[in-house]
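Subject: Structure handover

Hi,

Here is the structure I promised to pass on. Please open it before reading further.

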Amino acid sequence: MADLLKKLGSLPVVVGCLFITTLYVSVCNLAFPEGSALHVSTYTVTLFGKYLCYALLALAVDLVWGYCGILSLGHGAFFALGGYAMGMYLMRQIGDRGVYGNPELPDFMVFLNWDALPWYWAGSDSFIWMMIMVVAAPGLLAYIFGSMAFRSRVSGVYLSIMTQAVTYAFMLAFFRNEMGFGGNNGLTDFKDILGFSLQSNTTRIALFAATATFLAIGFAICHFIVNSKMGRVVTAIRDSENRVRFIGYKPENYKVWIFVVSAMLAGIAGALYVPQVGIINPGEFSPLNSIEMVVWVAIGGRGSLYGAIIGAIVVSYAKTRFTAIMPEAWLYALGGLFVLVTLLLPKGIAGFFPTIAARFNQKKLAEVKS
Amino acid sequence: MSREAGSPLLEEENIKPDTRHGVILYVEDVSVSFDGFKALNDLSLYINDGELRCLIGANGAGKTTLMDVITGKTRPDVGKVSFGQQVNLLEMDEAQIARAGIGRKFQKPTVFENLTVFENLELSLHGDKGIWANLFHKLSGEQSDEIAQILHTIGLVGECNMQAGALSHGQKQWLEIGMLLAAKPRLLLVDEPVAGMTAQETERTAELLTSLAGDHSVVVVEHDMAFVRSIARKVTVLHQGSVLAEGSMSEIQSNPEVVRVYLGEETGE
């Protein structure tokens, strides 16, 4: 029993917290009328749903950076690709309710005088197909990029710069109208998902619950990976790639694998994000976004899975608060936070608790001794 | 997904170097140059099965480059390197060579600092090195026993659950040797095993290495002449990328060429 608990680690706590939050939010939103002290507004539900998407994304970044030492500054690309796949499905759900009333083509295509869907939109009205694309598109990009970069043994800062360049290139490409993804405006004006109105409270709650569920599943997957022997190989690669190679592993295969898994998780986060915020545009590819994700993980605690979740939620919440009070100061605040955490808490928020516990124990020990 | 089936990965593990002629490693006419500098110059070297060989030579004589060539890190410009008679090492990459049974200890001790001593050995055990196999891997009783055995051999039983990063320099060196042993290699390449060790630790390392010879073939690169004297049966002297002399320690010491280029520096101090 104790063995099993040790193996599960922080998993039950994280899943429990997510479950309680979901239960609390849904009951307080649906059962209590507006104006009641216990009511949680739909705006808040959506806001927290967004934070949970970020948390899943942070988990993905932590998996490659915290455990494998690959500092990816391009995870925004995977997130956005997953988001675009979901956005394409949602666009097709609008049907003839668009401004131009075309049952087949989304409004922006009608506006561009296109008369048929481009080939890569094929199957976009099928939910299942697009959900496959949510993981397949980021996964494929990660596989191609990873195979080329890791097999040529590109690492460290060069790799980071390349990932940054990839996401920037995607941003420029998606800005073009001819790409067929809505250009500058992206995909928006969504109406339904699976036939349920995106405006209704119950759909919002269901989306929140789905996000919490996927976060829990994502956490469980990452937990399983990092605690397996495979996870120890990955940690070993972070510490000494050459040693790993000379005891017979192929580090590049491991890196590609973990990078692909991480990209897929990021894609799922993007797909959950889009119906909640109601829009996906090329801005999601912006390099700054990808850097922000790394900051979440650094602040939450690199190499700690629950730390990544805490980091994403804390920083995003702070961002919401800060940008409401003094929008122009946010970037300075974020930068300041990053510097402070790096200086004072090198292991992030998650590293803070064990340190405190250790100090407390030492004090106790000293008292007992004296 | 880069799925690799378990069986092809294991192929190299089944390689049995053909040592009917008593030679486990053939290095023939190998040259390597970096930007015109000849690190290895037409070097030939044969290591017998089960022997303990010491390689000595001044800095830049090509010792580390030779190790790099054998383990697949550096490709020679010309020459032939084979493991036993048939296994051509020049067609294999580092991981394949390692799995085929050539273990290497680096000059600077490299262990996985954030893993425990036990986990370091666990990762080094011979077996399937593919991703999926390791994702669902469970340590068998046999493997635990093997690890316990190695912990005993390298004298780190008490440090089993310690983080490798917290070990002393000498202990890290031993752990790295233990990691090599876990892979069950036929040939061990050991680069400066006693650098930075106390006299006592050096003595124990000498015992460890001599006990390994016989079951394994061991090649030791070392600067510490006292250490070489204490373990060596046969010594090869490298100079400017090729073999200058080969023989027992006393033969080497009386070789006028060697005295001039290498030992001369020591006695001249």
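Below is what turned up, chain by chain. Keep in mind that this is a predicted model.

Take residues 157-175 of chain A: the span is 100% helix, and its end C-alpha atoms lie 27 Å apart. For residues 330-353 of chain A, the end C-alpha atoms also lie 27 Å apart, with 88% helix.

Next, the packing. The largest nonpolar core has 178 residues. Those with the most contacts inside it are A:Leu56, A:Leu57, A:Ala58, A:Leu59 and A:Ala269. Helix α11 (residues 251-277) of chain A gives the most to this core, at 17 residues. Leaving aside neighbours within four places in sequence, A:Ala269 touches A:Cys53, A:Leu56, A:Leu57, A:Ala60, A:Phe79 and A:Gly82.

Now chain B. It has eleven helices and ten strands. The C-alpha trace of chain B spans about 60 × 40 × 35 Å along its principal axes. Buried residues make up 45% of chain B.

Last, the contact between the chains. Chain B puts in 25 residues and chain A 22. On the chain B side, α3 (94-100), α4 (117-124) and α5 (131-135) each supply at least two residues. By class, that side has ten nonpolar, seven polar and eight charged residues.

Best wishes

Note on methods:
Residues numbered from 1 in each chain as written. Chains lettered and ligands numbered in written order. Predicted model: local features only at pLDDT ≥ 70, side-chain atom pairs only at ≥ 80, totals over all residues. Helix = DSSP H or I, 4+ residues; strand = E, 2+ residues; numbered from the N terminus. Contact = placed C-beta atoms within 7 Å. Nonpolar A, V, L, I, M, F, W, Y, C, P; charged D, E, K, R; others polar. Core = buried A, V, L, I, M, F, W, Y, C linked by C-beta atoms within 7 Å. Buried ≥ 20, exposed ≤ 12 C-beta atoms within 10 Å, placed from the backbone.
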